[in-house]
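Here is a short report on one protein chain. Keep the structure in view as you read.

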Amino acid sequence: MFLAEHGSSIRHDKLVGYDVLRVVINGENVTKVEPFITGWQQGPTFWGRPVDVAQLPDGSLLISDDFSGTIYRLSYVGI
């Protein structure tokens with residue numbers, strides 16, 4: 001499963017989030033949570049806030065960003 005972390009409000013002192021996580025589930029248990037896409041936050045500033053992730057039938061992921069008004073498409077290209 002993929003989870004968008006929208007990021008903390010700009011009213012907070014410390015910025016957290018601003019990334020997409022990969023969550024591994026085994027049955028009803030979460031076994032692993034790891035960063036999948038990072039970089040929207042650069043030090044004390046951010047240039048994007050991922051909101052949601054949706055998977056297309058071809059396996060690619062759509063990631064919406066309400067800060068920049070962008071929808072990113074992430075796809076795998078094999079060698």
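An open sheet is built from 3 strands in the order β1-β2-β3, with antiparallel pairing. A strand here is a DSSP run of type E with at least two residues, numbered from the N terminus. Two strands pair if DSSP finds at least two bridges between them. β1 and β3 (29-37) stand at the edges with a single partner strand each, so one side of each has no neighbour in the sheet. Neighbouring strands of this sheet are turned by 30° against each other on average, direction ignored. For such angles, axes are lines fitted to C-alpha atoms.

β1 and β2 run antiparallel and are joined by 4 bridges. Phe2 stands opposite Arg22 in β2.

This is a predicted model, in which local features need pLDDT of at least 70 and side-chain atom pairs count only at pLDDT 80 or more, while totals for chains, interfaces and linings use all residues. Residues are numbered from 1 along each chain as its sequence is written, and side-chain values use heavy atoms, with hydrogens and water left out.

## A residue in the loop

Look between β1 (2-5) and β2 (19-26): the loop there holds Tyr18. Tyr18 is not a glycine, yet it has a positive phi of about 60°. Is Tyr18 buried or exposed? Tyr18 is buried, with a relative accessible area of 1%. Buried means under 20% relative accessible area, exposed means over 50%, and partly exposed lies in between (1.4 Å probe, protein chains only).

Now find the open sheet with the order β6-β7-β8. It has 3 strands and antiparallel pairing. β6 (50-55) and β8 (70-74) stand at the edges, each with a single partner strand, so one side of each is left without a neighbour in the sheet. On average, neighbouring strands of this sheet are turned by 20° against each other, direction ignored.

Strands of a sheet pair through backbone hydrogen bonds, either parallel or antiparallel. β6 and β7 pair in the antiparallel sense over 5 bridges. Strand β7 (residues 61-65) and β8 also pair in the antiparallel sense, over 5 bridges. Which residues sit across from Leu61? Gln55 stands opposite Leu61 in β7, and in β8 the bridge partner of Leu61 is Leu74.

## Turns and faces

β6 and β7 form a hairpin with 5 residues between them. Gly59 in that turn has a positive phi of about 95°. The hairpin of β7 and β8 has 4 residues between the strands. There, Gly69 takes a positive phi near 70°.

In a regular strand the side chains alternate between the two faces of the sheet. β7 has a covered face with Leu61, Ile63 and Asp65. Its uncovered face has Leu62 and Ser64.

## The whole chain

The chain has 0 helices and 8 strands. Its C-alpha trace spans about 35 × 30 × 20 Å along the principal axes. Of its 79 residues, 25% count as buried. Contact means heavy atoms within 4.5 Å. Among contacts between residues at least 6 apart in sequence, 28% join residues at least 24 apart.

The chain exposes about 5,700 Å², an area from the Shrake-Rupley method with a 1.4 Å probe. Carbon and sulfur atoms supply 55% of it. There are 6 positive and 9 negative side chains. Lys and Arg count as positive, Asp and Glu as negative; His and the chain ends are not counted. The centres of the two sets lie 3 Å apart, with each charge placed at NZ of Lys, CZ of Arg, CG of Asp or CD of Glu.

Technical notes
Axes are lines fitted to C-alpha atoms, for helices over the stretch in contact, and angles run from 0 to 180 degrees between N-to-C directions.
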